[in-house]
Amino acid sequence: MSCNGARVRTMWVAVLAGAVMLAGCGAPEEGEPAAQETPDAAPEERVTEAAWTAVASGIEEGGVFVRPARIGASPISDAPTGGFQIGEVIVTTVRTDVNSSEYTSASVPEQVLVALDAEDGEVRWTQPVTGALTCAEAEIDGLLPCLVGGDPHEPGTGMSPAPNPETELHYFRLTDGTVATTVPAASAREVAVHDGSVILAWQDPYGQLGRVATLTRGTVDDPESEWRQEYELAPECDTQVRGFWIEVADGLIFFRGEQAFVARVSDGSRVPDEALYSVANVPGHGFVADLCETEAVSAVFTSAGDELARYERPSMVSVVSRSGAAAEPVYVVDGATVHDFATGEQLWQRDPRFFWVLALAGEVVLGSGSTPGGPTLGLDARTGEERWTAPFGEFGWVVGSADGEMITRGHNPSEIAGVGLDDGKRIWSVPVADVARVDLVGSGVLASTHQQLQLISAD
């Protein structure tokens with residue numbers, strides 16, 4: 001597809017893994033493409049090693065690492081790897097049934113909830129869990145809320161196993177993994193923590209007329225004590241995604257799956273009061289949504305729910321990834337026009353025939369090179385002025401930015417690298433497995449496969 005033909009109905013966002021996938025199209029200059037420049041020779045970089053490596057089979061023989069999240073129609077084929085950091089620990093699970101030929105639809109998942117020391121990777125504690133498991137990625141009063149039990153599959157997929165106990169909300173002590181308390185959790189499938197409250201989410205089975213999604217907010221002892229709201233799921237907005245997940249930030253709940261919506265944490269009211277195809281949040285500032293309307297419409301909203309700008313034509317609107325969000329963020333329309341997120345004002349524009357924004361990291365916009373395979377441009381996000389050029393191939397995948405560095409995964413998937421935001425030069429690199437998932441966590445970069453977790457620190 002040409003760059004001009006890339007204006008499609010779907011809004012381009014990258015929010016599942018906190019990353020922005022890159023694509024190339026054309027040249028950086030206004031008007032005609034410039035001759036290809038030869039980038040400065042790359043300086044010597046520091047090839048480093050992972051700070052620590054944890055092996056799943058060392059915790060449970062024959063086990064694999066699985067992120068404690070229940071997304072998708074099958075708890076086996078859709079089992080994601082990885083973990084997340086809460087305070088001083090990395091939380092993950094180890095399961096022995098994911099690749100088992102003996103697994104059947106009547107099987108009840110069994111796993112071990114694990115807390116690894118974020119500094120050295122040593123196992124702090126383990127806790128066996130029987131039943132489907134989904135954990136919040138934050139603590140409340142020193143406790144980790146996790147949903148345990150219930151159908152491990154998405155409802156209505158025809159894959160339900162033998163009856164399981166009703167879903168319960170277990171609160172694991174982060175100090176030793178013991179269960180402090182347990183409360184009923186209806187049919188909840190997602191749990192989050194925000195501002196001292198617990199938030200639960202679930203939805204009706206697929207194919208049911210008048211289907212709704214449900215959100216609640218409450219206390220540790222009563223997750224529905226503050227409010228409970230139902231949200232109509234509009235059939236015409238179905239994206240064919242099976243499974244859903246929630247994210248809570250800046251006083252808003254982002255619900256994503258077969259369709260999307262945004263609700264206020266304070267009372268559960270929708271902002272805007274309509275179904276969405278997709279939504280991407282910009283931490284501390286607001287969100288961009290692809291609206292569920294007959295005509296192609298994308299809109300930009302503040303965190304208060306005020307509409308900042310609307311684009312009522314086929315447009316591709318992209319935003320900075322959740323990792324390393326800029327203090328003064330921007331959004332991009334049709335790949336070549338950059339707007340101020342706070343006001344909607346156009347900051348700068350280039351000819352989309354010869355230029356395409358590849359990614360946003362911190363205060364830097366990555367732009368396409370002058371010819372296919374040419375250099376990548378690092379531009380000031382606010383002014384569009386060129387800061388540096390770098391060889392094509394360095395930025396196959398931008399994970400995010402932190403401490404003045406862009407964390408990247410090049411077209412060579414066997415490494416992660418740190419690139420200076422000021423000059424575009426590689427500072428360090430670490431070899432990783434081609435299939436590894438990469439996440440930014442508080443202690444560095446977490447590279448995950450089913451067999452091992454590696455914590456990478458650029459220090």
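This is a guided tour of selected side-chain interactions in a predicted model.

Before selecting anything, note that residues are numbered from 1 along each chain as its sequence is written, and that side-chain values use heavy atoms, with hydrogens and water left out. Because this is a predicted model, local features need pLDDT of at least 70 and side-chain atom pairs count only at pLDDT 80 or more, while totals for chains, interfaces and linings use all residues.

**The nonpolar core**

Select Leu215, Ile246 and Ile253, which have the most contacts inside the largest nonpolar core, a set of 16 residues; such a core consists of buried Ala, Val, Leu, Ile, Met, Phe, Trp, Tyr and Cys residues joined through side-chain atoms within 4.5 Å. Around Ile246, leaving aside residues up to four places away in sequence, the contacts (heavy atoms within 4.5 Å) include Glu190, Ala192, Ile199 and Phe255.

**Aromatic rings**

Next, show the rings, among which there are 8 aromatic pairs, a pair being rings of Phe, Tyr or Trp (its six-membered ring) with centres within 6.5 Å, counted as stacked when the planes are under 30 degrees apart, edge-to-face when over 60, and tilted otherwise. Phe244 and Phe255 are stacked, because their ring centres lie 4.8 Å apart with the planes at 15 degrees. Phe244 is in the loop between β16 and β17 while Phe255 is in strand β18, so this pair ties together parts that are 11 residues apart in sequence. Phe244 is buried at 1% relative accessible area, and Phe255 is buried at 0%, where buried means under 20%, exposed over 50% and partly exposed in between, computed with a 1.4 Å probe on protein chains only.

Move to Tyr331 and Phe341, whose centres are 6.0 Å apart and whose planes stand at 90 degrees, so that the pair is edge-to-face. Tyr331 belongs to strand β25 (residues 330-333) and Phe341 to the loop between β26 (337-340) and β27 (346-349), and both residues are buried.

**Salt bridges**

Now display the charged side chains, where 16 salt bridges are found in the whole structure, each being a side-chain nitrogen of Lys or Arg within 4 Å of a carboxyl oxygen of Asp or Glu. In one of them, Glu88 and Arg124 bring their closest N and O atoms to 3.1 Å. Glu88 lies in the loop between β5 (84-86) and β6 (89-95) and Arg124 in strand β8 (residues 123-130), so the pair ties together parts 36 residues apart in sequence. Glu88 is exposed at 55% relative accessibility, whereas Arg124 is partly exposed at 39%.

Finally, select Asp380 in strand β30 (residues 376-380), whose side chain meets that of Arg387 in a salt bridge of 3.3 Å, N to O. Asp380 counts as buried at 19% relative accessibility, while Arg387 is partly exposed at 34%.

Note on methods: Helix = DSSP H or I, 4+ residues; strand = E, 2+ residues; numbered from the N terminus.
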